[in-house]
Each structure stands twice: as structure tokens, then as C-alpha cells.
Amino acid sequence: MCLSIPVRIISIEGNMAEVSAGGTIFRAGMQMVEDARPGDYVLLHAGFAIQKISAEEAEETLRLLREINDADEVH
Amino acid sequence: MGFRPFICRMAAKHGLAGYVENRTGGVSVVVQGDLKTIDRFSNDILQLAPPASQIKSIEINSVSIPGFDNFKIAGSKTHDDQVTEISPDIAVCPECLDDLENDPLRKDYPFVNCTNCGPRFTIIERLPYDRPRTTMKSFRMCPECKTQYNDILDRRFHAQPIACNSCGPVYTYKDHNKELKNIAEILHEVCAQVASGRSVAVKGMGGYHLMCDAFNNNAVSELRNKKQRDAKPFAVMFRDIKAVRSYCHIDENEEKELSSWRRPVVILRQKKPLASAVSDGLNTIGAILPYMPLHYMLFRELNTPAVVLTSGNLSDEPVIISDSEATRLLIPVADSILSYNRQILNRTDDSVVRFIDKKISIIRRSRGFVPRPVDLKFNVEGIIALGAEQKNSFCIGRGNQAVMSQYIGDLKNQPTFNFLVESIDRFTKLFRFKPRFIACDLHPDYLSTRHAEALMKELRVPLVRIQHHHAHIASCMAEHGIDEEVIGVSLDGTGYGTDGNTWGSEFLVADLMKFRRFAHFDYVALPGGDKAVEEPWRTAYSYIYRYYGDDFDYDSMPLFRIVEKRKLTMVREALVKNINAPLSSGAGRLFDAVSAILGLCIVSRFDSEAPMRLESAISDETDDFYPFNARGEIVFAETLKAVLKDMKKQTASVISAKFHNTIARVILEISKQVRKETSIGKVVLSGGVFQNKYLLEKTSYLLNHNRFSVYTNHLVPANDGGVSLGQLVTASKIVK
Amino acid sequence: MMLMKYIDEYRDRDLIMKLAGRITASARHDYIFMEVCGGHTAAIHRFGIPALLPENIRLISGPGCPVCVTGTDFIDKTVAYSEMDDVIIATFGDLIRVPGSSSSLEKQKASGADIRIVFSALDALGIARTEKEKKVIFPGIGFETTAPGTAVTIRQALHERIENFFVLSAHKVMPPAMEAIVKEGTSINGFICPGHVAAVTGSSIFRFLPEKYGLGCVVTGFEPTDLLQAILMLIEQVNGKDPKVEIQYRRAVTAGGNPLAQKNIREVFVPSDAYWRGFGTIPASGLTPGRNYDRFDAEISMPVKVQYHEENEICICSEILRGLKNPCDCPLFADICSPENPVGACMVSGEGACSTWYRYKRER
């Protein structure tokens, strides 16, 4: 229950959306996320989208991690 | 207090037409416009509302009615808006303080106010709240003021007390050889008096004050002597919050309350000393910030960062509000008198609060609070509750609200009794109150009881008598909207019990209607009755005699070596022969005894001095506690034995802490016993003893840790000043 | 299997090993870090994080599992409701097997009570919509991640004027419990802060930890690289004596969080005193429906009284939740108490420390 997973929005109708987690389809209440569109990623928790996932920040995190990776290689 | 004019200004700001009117249960605003504008309008209302207003909720509905050309304040249709109409008095606001410096009309005008601040309750005669029905009626608005009064966009739009240097009240200063009317000269003279160590009687908002330099020990001591109230700590007005921070420990909650529009006295822990005569050995200071324009103007010139600002009264009588009485009674005490020519109608003391567990605990509920009601979950219309004796307040029921009176005082003398009767009369008229039921304390001799009986005969309405400690618990339950059985712990010094004895350490299984006495401290005899309360060494002797009898070397105790041998013998006689030694189970008495045993207070010079000094002595942190017996009656024989043993090696600070911890443990133990039997998990703590910060925090912590939910008083005092609320709600359940 | 975006990239083996190496190199002192999220407890053990860390770093689990910290009386109340003829209990799955003092929802269901598992509060409302003759009670557990969903649902119920939907709230907020842990005196050097709670509340709610107590915080995601990066950030805070609130989980968490979700919580709920197993009652740590919504509160609309029971004395769930002991220290662990026959909530809940240890780490 406490699990939240990143899911992709497939379609939105009114307050509810169809979302996909690696192919499995769920329904999510969108009352707490504004301006979301199909193709966006959100965190799904207990049947609700609770936050948008920022693609830029995700990329940034990966970049930082890879930097650590590379930095080590120099050693 | 300026809410409807505020709505007008907001409507004008957003270009909305419509009206605002008072309705039962709130304010109704009708506006015509597009949704987005209306949305911004309601946001503004929430964000910018006047500081003293209390927006509980906003409901937005759409209605179909004919359109409007403009925005106006509609006349009040019903009289049920009464209770919300009268605002508590509000401290001068920053905008007015700015006007004091910069507004040409009001520069140095010592009564500057606006719709958001100034005197309200203290000057109102009758409703509706309009100038002619306040004591401002004798001051006619000059043309400039009138223009501002009628200008919807002015901050003084519809400000009833509006006035200025040319049309408003004025201050006068008088001493033995001169009289001054010019405000600049007055300020200069008053500051000179204070600087030279003299006292000044100052007419405040709700009554007279006596003022002197808080750093001049001679001045403070002399004031004490003349006031005939030897040892009670004096309140201290500091120049500003910075000064408070220098001399007191203060956290953000305390700061917020101290600076709030209510401007109460906040009890803070002392950091740096003032004149020793101010707190006389206690480690707390009652700090207050300036709240009248005059205070600010004085501090501009005063050198000292703090002045004693104590109530202008003579021992135990209500604070003086009449100018003639002030001249007669206060001139002997102070060396000069500063008054003004507007009448104070409703006497109101400064409020006193303390923060316990980061939440507010009201010790004296008066200026800034009265007459704001307490919201209840059920109807209490027509009930008046007369309260108890000490720190009396009464309470009237209007709809689902309890309107508490201001602090009346200890109902032990004629002037205070007169004040009670007069206030009841005034509240009845002010709130158009029609009494249908009367509630009072069980005690047959309280002056409040006597008056209740008189009212019963005069008005021909039923009277219910509510047990004192049940009323304490009920007051707290009412605050929190609890209407089910709870574990009620009511600890105080004295309250009349259903068995005719003096109770005061009550563990009740109670709901709002009835109660069952589950446990209490064992009874102890008080040799000399009231004398034992005034001289705690007697109570100490009685406790020791009860547990040790003659098998105790009374001479070995420093406490008993101090007391005259003759008196000791008399006390022993009284106990042995049971003469004039009434029984009491008051928790306060146990605190008295321990305080005396530790040598902290042998003779009380003011009410609760002994327990206050006992609490004040604690500077150590410990979780240790003494043994006790809590099966059936709660017996402290083992506790006292352990205390006496500890006296040989421990400091008073440690012993006091351990003793307080013991009481907290007793409360936990009994609560567990009740829960085992009844599965009740809510504990209500009320009664004067719970003004003790250390005890309340320790007890709450232990109870929470053991899975209880704890409830304490925050809207009305835990001391006898809150009893009338409890009487009111209990009566309402009984009469249904 | 389809690539799971925002998950798989953070499980890159290479990155994981490099991060582990970097941690070992930086770990100059002894460190104790506490996580307070059931999801973190599960992730840490599922991905074998402790094995990747040097000996001088200890990870302990705090009260992060909402099922585990809820008292037995909550289950007892739900059981009592389930015995009423006209009541349907619509509940999250994790609550079904939690033992009450004499029964559990699972046992009640076996005896014929109408108990249905839902994945969302909205589903529970849906049941109320169709089963108009029955009263539907939704036991609401979860922290700030879950509470907004319940709030939205209650508002929806009000909007549709549904009269037969009730919530029995055991929702709680994290900061008071974290403060309670710290105030008791602690050797913790820093917190791995819950990423999904913070997605809703914003990372600013943890500011009191560095500001008042000098403890470092990193708001962390749930993949192995997230956890390792966070541990590295915490080590750097401790090494540099620079405690602060940092966000590792940048793709979902900001300082301010999700204002819409917060608005829903504020609109519907008010703070209340709540009982936390292992801590007692912590003031203002719970959420219950406020004045305008209190008719949706089962405790107000249909109050039920349950017998008070002391918690099982041998079960040391409370100490485990405070991070004082490990599941293997419990005499009942993997013996009398197992996922098939749980004694305490820590074993029942999928995120409980005990059930996690049982699944991934059965050492004695």
C-alpha cells in the first residue's frame, strides 16, 4: 500500500487517468496533479497520482551518478 | 470590530457591488461579479482580515437575486449578532503608531485608534456598537474626523472611537504641587517622576495602574508596602521585545502571544535580574509589552527599559476605574496621578497567560479576551453560571456560545461582590440575555452562591448546584468538544464536596452530566482551618503528625524550631482533640506542606505562594520519584518519609522535582487503574494545581507515553476562573 | 519484460558498485543512519544494501510502516464494525492479517463478515455508491503520502452527498514521531528521509532536524542507486559537520512539495493526538476529519467502544520501531512469530522490519 511507483499516463478523462507501469494498466485519480498530459510520468500511490516526475531532474540525477562513476575511474 | 468596513474596502478594491450584513452565526456578503474576481476577493478576505477577527470558515454559494449598483453595509436585521458584535479591546496597531509620528491630524495624539485597534469592550454601554452608545459619546467628532469616518476607503471608516487632537479625550497630570494639561509636558514630568524613583498612578484602558521603575529597588519596595500586598510578583512592562529578550527566556510561541493584539502579561522565566523586589525570589517575570499609545510615548523618553505596571487597587479589591476614587485612594500610594477625561465603563484587568507544553494556559482571562465567547457543540441559551469564589468569573449562555465575563476577583469582600452584581447586570443588558436557569457552586457560603440564590428568587427560575471539581473537568471537556466519559483529574486547593468535606484531589470518572469519585488523596486535618492555608507550616505539622504521631522528633526539623513553641502546642492540641481542624483532601495542601518542610514558604503572603515557590525551586532535571500508596485512598506516608530522609543529603531543587514527579506518577497510576476498569483512554486535567508548568508537562508526558490522550484548559483558566464554564455546560445537560 | 522507466536506470549494476566503493572510501568515522519509511526498509533489504556497506555504517529502521505503528485498538474497532450487519469494511490489503487483541479482519471475513480489499479510497467510495443500503467503512492508514487521497475521496463524498461512506482514520504525520525519537536521546547521525512523503509535503518539513538538533537529512528515492547516493550525501554532511536537508530524490521531490495535495489535507483534516506503537500518544501527530467533514468520521457518526488491552509483553515491536533493537533480538522472531502466524504488526506488514528481515535476512 505504501508503495508508490512511477507510471506513464496513457489517457485522461475528467479526474481519472489510465496509467501504465511496465505494461500493466491501472486507474489513477488526477485530483492532485494539474496540467498532466498523456506521455507524462507521475507517481502512483493508492490509486492516486501524487506528484509529477520531472524528466529533467531524473536526467540530472543520472548524470551526477555517472560523474561519480567516471571520477572513480580516473583514480 | 471593523470587519464590515473591511469588507467594504475589499469590495471597492475589486470593483464589486453588493452588500455585507451581520447574520446569526456570522457575516453574510453578497457580491455580484465574475467568478475570477470573486475568487480574488475571497482570497483577499482570508489574507488581509483585521488582526482581531477570527475567520472560522468561508462558504461560497451562488444566489439569484436582483443586481446592485454599489456596495454597502446593510443594517442589522436581527439582534442575534450580539455576541459577535462586541470585540475585545485591541492594542494600538502599527499603522496608528505610525500616525502618531506622521499623521498631521493625529501627531502625538495619545488616543489614536482605527477600525483595527483601540478600546472596545471597556467603553461600550449598549448595543449596537455605535459611538453614542460608548463612552466616546461625550466627544463630538470634528469635521476632519467626520470626513474620515464616512470615507469607505479610509482606515477610520466607521471607527466608532475616532477622534484627534482637537476633538478627542485628553490626559491630565496632577501631583501635590502642580497640574499639567499639555501632553508634552505631561510626558516629561511622568518620566522625571519615574526616573527619580517615585510611583505614578496611570489610568489605563480597563483600570488604573501603578507604575515605577522596575530597576529601582527602593521604588518597587515602597510600592509594595503601600499597596499592602507584600509579596505578590508585579507585572513588568518592557520597552520592546528586544528588552524582553534581554531579561527573560522567551520562545517563539511566547513572543507571538506577547506581541499579539491582545497584549497579555506572559509569565516568562527570568534571565537577568530586575529590582529584586519585583519578583521577590521567584524565578519568573510577568512581562507585558506597551499597548496604549501613551505607553509608547512614555518609553520614547524613559531611560529605563522596563517599568513595573501593577493594577491600581488596594489589596484584593477590584482595580480602580473611577477618577474620583483614584484621587482618593491612589494618591496616598503613588506620588502623582495621570488620568484622562473619558470614562472606563467596563472594568477589565490585564490578562495573564503562561505557556505550558508550547500551548497557552490562561491564568487570568480579561482584557483582550473578554467578551469573546467559547464555541460549544450544543445549545446553552438562557443559562447563567455564577462561578466559584477565588478568581471569580461568571458565564452566560447564548445559543451555542458561552460568554465568559472578565476576571471579577476573589469574592471575599463587598467591593468585589458589588463588581460581580454590576457586571452580571451589564452583561445581561449588553447581550440581551434572558436567564432561564441559574447554575452555581455546591458551596453554601460562597458569595456567588448567595447571589445565585437571590437571583433564583428574584427571577423565579430554577437553580442547579454543580460540584466544584466536576465543573473544572466539564470546563475542559467543553473546550475540546468532548461529550463522553473521561478520566477527570481535578487538583486544586479547595472545593466543596458532595459529602460536605473539602475536596481538592479528585480522580473522577465523569461525563458532562454526572461523575463518580474514583479516588482521591487521603484527608488531612487543617488545624485552624483557613489559618492553615495562610500558614503552611501548620499543614506540614498536620501531615507529619498524621503519619508519625508522637513518634517524631519535631525539634529536629528546622521548620518547627522556627515556630513559637506555644503555637506548636496549640496546633498539636487541635489535632489530638479534633478542635477547629476541618478535614481536607486538597492537593494544594500537600504542596503547601512540602514547601514548608523544605523551608521555602512558612507563612503565605499571597494565595498559592507556597506551591509557587516549590515549583520555582526546581532547577535540576531528574526522573526520580518517591514511593506512594495508591490503592483506594492515596496515601503519602512513604512519600513524606522519603522527603524527610532526602533532606539530609539533597537540595531543595532535587527534592521538589522528585516530589512533583511523584504526583505525576500518582496521576498515571490512577489513570491506568481507571482505564483497566473502563477502557477509557482520555484524561482531562484541570484545577488550579495544573497552573504548575513543571507538573503539567511531566504529567502530560507520562500519560502520552502510556497511550493516554491528554486534555487541558487553553480557552479559559484551569484555576477557579474557569469554573463557571463547567457549571454552564453541566447545567445545560441537566436541564434538558 | 518492458523497460520500466525511472526504475531500471537506477538499478545499473556498475553505478551501484562504484557508489559502494565511493562510500567505503569516504566513511572515515562510525555512522548510524535511520530510515523512517517502510518502502525504504523493504528496498534496503531487497537490494542487499547493508552488504554493500562497510562495517562502520549501520542502518536502522524507524517507525516508517504505518501499519506497524498503528495500535491494536484500531484493528479492534474495525473488527467491531465488521460485526455489524449493515457494514461493509473496504480496506487496503495490508490490514487484513494484522492481529487485533482477539481477532483480525481475515478471521472476521472467514466468519462471514463483508470485508473487501480495495486499492484506493475511491474504490471504497464506489462501493458505497452502489451498496446504498449498507454503511461502508474505509480504515484510513498511511502517512502524508496516503492521506491526501483519503481527503480527496471525502470531498468527493461530500460533493455527491453520499451518506453511507465513513473513514476510520489512523492517518499520521511523520515529523512529530521523528522528533520524539530524537528527543529521547539518540546516537543517530542522520536520517534517510521518506521520498514519497516528501513528494507531497516538500522537503522543508524536515528542516527542524538540522536546525534544532544538528542532524543531517537526505530525502531519498527507492532504487539502489538512490539509496547509495543518499548514504554518500549523509556521510559527506557528517564529515563536513554540515547538517542540512538535501534532496537526493530530485525527480519527485521539491522543497515545497505538491501544494494541491497539501491543500486537500488542510481542507479536510485537523491534527489530533495519535497513538504510535512504541512511543505512546504523540500530540498533533494524527489526522482526523475536521469540523465540516466530521460526519465522515466513523468515530463520530458511529462510535464504537472497545476493551482496552495492553500490548503483548514479549513482542518487542515497540523497541524495533524505535530503532533500539533488531528483529533477530526478539525471542519470538521466526519462531512463534512468522508471516504465516504473526504476533506483532512488524511481521504482518509487507514493510515491517520483521517481515522484511524474515524474507531477506534470516540470521539469528
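**Entry 1: two crossing helices in chain B**

I began with helix α15 (residues 468–480) of chain B and helix α25 (residues 723–735) of chain B, whose axes come within 7 Å and cross at roughly 85°. Helices here are DSSP runs of H or I with at least four residues, strands are runs of E with at least two, and both are numbered from the N terminus. The axes are lines fitted to C-alpha atoms, for helices over the stretch in contact, and the angles run from 0 to 180 degrees between N-to-C directions. I noted α15(B) as roughly perpendicular to α25(B), since angles of 65 to 115 degrees carry that label, while those under 35 count as roughly parallel, those over 145 as roughly antiparallel and the rest as oblique.

I then listed who makes the contact, a word that applies when the C-beta atoms of two residues, placed from the backbone, lie within 7 Å. On α15(B) the contributors include His468(B), His470(B), His472(B) and Ile473(B), and on α25(B) they include Val723(B), Leu725(B), Gln727(B) and Thr730(B). Sorted by class, this contact has 7 nonpolar, 7 polar and no charged residues. In that sorting Ala, Val, Leu, Ile, Met, Phe, Trp, Tyr, Cys and Pro are nonpolar, Asp, Glu, Lys and Arg are charged, and the others, Gly among them, are polar.

**Entry 2: conventions**

I am reading a predicted model, in which local features need pLDDT of at least 70 and side-chain atom pairs count only at pLDDT 80 or more, while totals for chains, interfaces and linings use all residues. Residues are numbered from 1 along each chain as its sequence is written, and chains are lettered from A and ligands numbered from 1 in the order in which they are written.

**Entry 3: a covered helix**

Next I looked at helix α20 (residues 587–597) of chain B, which is mostly covered, with 11 of its 11 residues buried. Buried means that 20 or more other C-beta atoms lie within 10 Å of a residue's own, exposed means 12 or fewer, and partly exposed is in between, with C-beta atoms placed from the backbone. The buried residues of α20(B) include Arg589(B) and Asp592(B) as well as Leu590(B), Phe591(B) and Ile597(B). Just after α20(B), I found Gly599(B) with a positive phi of about 75°.

**Entry 4: the nonpolar cores**

Which residues touch the most other members of the largest nonpolar core? Among its 217 residues they are Val236(B), Ala287(B) and Val308(B). Such a core is a set of buried Ala, Val, Leu, Ile, Met, Phe, Trp, Tyr and Cys residues joined through C-beta atoms within 7 Å. Helix α23 (residues 652–678) of chain B gives this core its largest share, 10 residues. A second, separate core of 135 residues includes Ala17(A), Phe138(C), Ile235(C) and Val268(C).

Val278(B), found in helix α10 (residues 276–279) of chain B, counts as buried because it has 26 C-beta neighbours inside 10 Å. Not counting residues up to four places away in sequence, Val278(B) touches Ala214(B), Val220(B), Pro233(B), Phe234(B), Val236(B) and Val308(B).

**Entry 5: chains A and C**

Chain A has 1 helix and 5 strands, which follow the pattern β-β-β-β-β-α along the sequence. Of its 75 residues, 36% count as buried. For chain C I noted 17 helices and 11 strands. The radius of gyration of chain C, taken over C-alpha atoms, is 21 Å. The globule rule, 2.2 Å times the number of residues to the power 0.38, gives 21 Å for 364 residues, so chain C is as compact as a globular protein of that length. Its C-alpha trace spans about 65 × 45 × 45 Å along the principal axes, and buried residues make up 56% of the chain.

Where the two chains meet, 30 residues of chain A are in contact with 43 residues of chain C. The largest share of the chain A side, 9 residues, comes from α1(A). By class, that side has 15 nonpolar, 11 polar and 4 charged residues.
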